[in-house]
Number of protein chains: 2
Amino acid sequence: MRRFVVATLVAVCPLTAGACLAAPASSSLPEPLRTTAASLRDEAVRGTGAFEIVRSLTIEVGPRPAGSPGDKLAIAWGVRTMRELGLSNVRAEPVTVPHWEPGVAEAAITAPWPQPLVILPLGGSVGTPEAGVEADVVVFPSVQDLEKAAADQVRGKIVFLNKRMERARDGSGYGAAVGGRGRGALVAGKLGAAALLLRSVGTDNNRTPHTGAMRYEEGQPKIPAAALSNPDADLLEAQLASGKPVRVRLKLGSRRLPDEESANVIGEIPGREKPEEIVLLGCHLDSWFPGTGAVDDGAGCAIVLEAARRIGALPQKPRRTIRVVLFANEEFGLSGARAYAEAHAAELPRHVLAGESDFGSGRVWRVSSRVAPEALPFVDEIAALLAPLGVTERGGNDSGGGADLIPMAPARVPMISLGQDGTYYFDWHHTANDTLDKIDPKDLDQNVAAWAAAAYVAAEMPGDFGRAPEGEGGE
Amino acid sequence: MRRFVVATLVAVCPLTAGACLAAPASSSLPEPLRTTAASLRDEAVRGTGAFEIVRSLTIEVGPRPAGSPGDKLAIAWGVRTMRELGLSNVRAEPVTVPHWEPGVAEAAITAPWPQPLVILPLGGSVGTPEAGVEADVVVFPSVQDLEKAAADQVRGKIVFLNKRMERARDGSGYGAAVGGRGRGALVAGKLGAAALLLRSVGTDNNRTPHTGAMRYEEGQPKIPAAALSNPDADLLEAQLASGKPVRVRLKLGSRRLPDEESANVIGEIPGREKPEEIVLLGCHLDSWFPGTGAVDDGAGCAIVLEAARRIGALPQKPRRTIRVVLFANEEFGLSGARAYAEAHAAELPRHVLAGESDFGSGRVWRVSSRVAPEALPFVDEIAALLAPLGVTERGGNDSGGGADLIPMAPARVPMISLGQDGTYYFDWHHTANDTLDKIDPKDLDQNVAAWAAAAYVAAEMPGDFGRAPEGEGGE
């Protein structure tokens, strides 16, 4: 679907597809559409079933890392829940996922002042030998500093990356800190380190370390890698500040197991006029192991499922199909996203808009996009429609849309991002603390209101968003 | 010391000791004393070394439960630190303490929806058999409700006490919730339960359970007892709310070991005129195992040590002796407090005032006491002196003064309580989260200012506080 047509506009379109230049009028969306979208918005804000959805997922399934028994339970839950919510064409599309298990994780400072440390293995780490690893610690402020280190500073030592993440409403501190998690063990391993300890990529001061994916490279040394909680990183930092040699003992039982079958769970509200055109609402069904995955990403799944359900319950279905995709294995390599983009390659040109809710349950405050520049007035109209929800800011047109949407970027699927308040998100992200009590049902309702209204507009509007600019989006 | 004399007052005293009726004038404390006390207060608020003291204790010692290796390190730390701070007569007075170790602690819901649970053993719990215990769960809202249960409701089951603690500035929610921790296992054991699970006595929603002492009775069944973090208690509660039978598997490696030697660490600022009269400033040196004991009670030790140091650094020492006591094993039976009261029985009548700092590092906001009623005007004067620190409330005259002061009550030692803001104290109390980052150095300074001024007044003032009313105090 390469065309870009706004029915209610005077548009100057050459005959070649994709090159339409349109300037929508200030109120280009038909009034009935706007009324219905506003009504979806206003009714959702008064209360939805979203909290009950995430409650059910976290109580009845709980942790569901890719390939784990919980992953399989989650797929069954997803299929059952979609059917209960009245979605159509519900199915689980097979995805092969890696399977890694964290195992035991123990660490302690053994000198100069012995103390236990609270750690979690990073996702994908190899284990230590059965007896563990014990070595002197060498600290670096960041992975960038480690990259400049000489091998003789690092060889045989446990590298401690001590970068502290900053709190921000838009979560922007994450990008600045997460590099050490992703490639710290690779860099340290190349320099001959014995292991990597990372100050958790998180904004809290709880004794609940933050895990998350890391990667090795074939042909390079694979060293064990674990995250220290922030208080434990403080403790290690303070002992190092004494100037005395600091030693740590580390034991990880982490290991990679054979790949497993998982699935993308998919359900739809079929469009009444153009069922082959798709508005995709995504989230990811997998979670990390230490929490129940309420915030990441049970909340997102509850939001998009409930938004779709409410659109499906309208007296008249929208013109296009709303498709909800609960992606498999976002956390450990985007397996589900890649499988979806591959299996649905032929359909991607007919994806008129895609969005993902994957930033917890904080309230939506910003609308960003990646659509054809000519279609930006439609995004403005959606933003205006969400303003009564407290959505006060208008982001740019360079949004990636969400991790699971990245593999759709080459097909130039237009994206919308409903930016959420992430002030507290990274207190809980990838920790044991990712549990249901962190979610305020009213916040969830506000998200449902925003997604229901935005998705309805995209599914019902006479025109569309064209095709997104090339690239994956940087915002 | 049974007399009650206020030198600057007109007092009507019969010749029998302890029955003096005095009405201090509105400004009965000599001006130089008031000036010096105010100066101690104002200089401490500008910044003290207290944070460095608690930092050193938590970084160089860390967890120090009674009888553990950390306990012995803490005693050496206490002696060394007192000497470094310039205290005199520094010594470690032996105390025999119980030694209990927590061991492994694992739990999981096995039906209807299997999920791991995060637990800590309660202090003193027996372990489970090696294979663990697995049984159906029966829930009670409180230990009071459990007490009314019939044995056939409970027999063979795991009892879940689901009482939630309320947050309050004065920490008053603790008393309402802690009964289940103390006697839940005893009551459940008598009814034939297999084990006890307790919703943590704490106000947070972190996945960091709260331990704390519990007790058995000789001749009664001893069943294993553990605390669930609040999110885990929510999860168990939610599965129970489904109406389906809920089973839990519990494994505890807790065990009692032979008693160990510990010590009360004591140091003094000897009085210049009446060295035999003592103003006692207490805290406890032991901590629970999961955290570094920064808040409970490293903060208190730092506060009273620094307050004493500052009084000791005055150009002229006060008339009476300031004695700092770092009590052994407050947490698991008040061993140090009892040993102190016994070893110093002959001296207790010459203890003119005792106070303990054992409520974290929150700011002082209230002054309470337990002194001879006729001496209350002096407490009022101390309260007035602390008012510029934000100490805005005046408590009653029924204060227990602090757990370690209880064994001094029969000797009617007068007590003062500088009530701290405990709004967040029970987020961290007895958890892995009790770490240095929870302490704001400025709050600690405010506490030092209050204790230094109050202790100086008591040590320097011409009169005294008489003898406390009988009983342990209830406030």
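**Entry 1: strand β10 of chain B**

I began with strand β10 (residues 225-228) of chain B, where Ala225(B) and Ala227(B) point one way and Ala226(B) and Leu228(B) the other way, and all are buried. Buried means under 20% relative accessible area, exposed over 50%, and partly exposed in between, with a 1.4 Å probe and protein chains only. I noted that in a regular strand the side chains alternate between the two faces of the sheet. Strands are DSSP runs of E with at least two residues, helices are runs of H or I with at least four, and both are numbered from the N terminus.

A note on my source: this is a predicted model, in which local features need pLDDT of at least 70 and side-chain atom pairs count only at pLDDT 80 or more, while totals for chains, interfaces and linings use all residues. Residues are numbered from 1 along each chain as its sequence is written, chains are lettered from A and ligands numbered from 1 in the order in which they are written, and side-chain values use heavy atoms, leaving out hydrogens and water.

**Entry 2: the neighbours of β10**

Which strands pair with β10(B)? I found β6 (residues 119-121) of chain B pairing in the antiparallel sense over three bridges, and β9 (residues 195-199) of chain B in the parallel sense over four bridges. Two strands pair if DSSP finds at least two bridges between them. Ala226(B) is the bridge partner of Pro121(B), and Leu197(B) stands opposite Ala226(B) as well.

**Entry 3: a glycine in a loop**

I then looked up Gly103(B), in the loop between β3 (88-101) and β4 (105-111) of chain B. Not counting residues up to four places away in sequence, Gly103(B) touches Gly253(B) and Ser254(B); contact means heavy atoms within 4.5 Å.

**Entry 4: two domains in chain A**

Chain A is divided into domain 1 (11-98 + 259-460) and domain 2 (103-253), with bounds from an automatic or database domain assignment. Their C-alpha centres lie 34 Å apart. I saw 21 residues of domain 1 of chain A in contact with 22 residues of domain 2 of chain A.

**Entry 5: confidence**

How far can I trust chain A? Its pLDDT, the predictor's confidence in each residue from 0 to 100, averages 94, and 94% of the residues score at least 70. Over residues 1-25 of chain A, however, the pLDDT is below 50. Where pLDDT is low, the predicted coordinates should not be read in detail.
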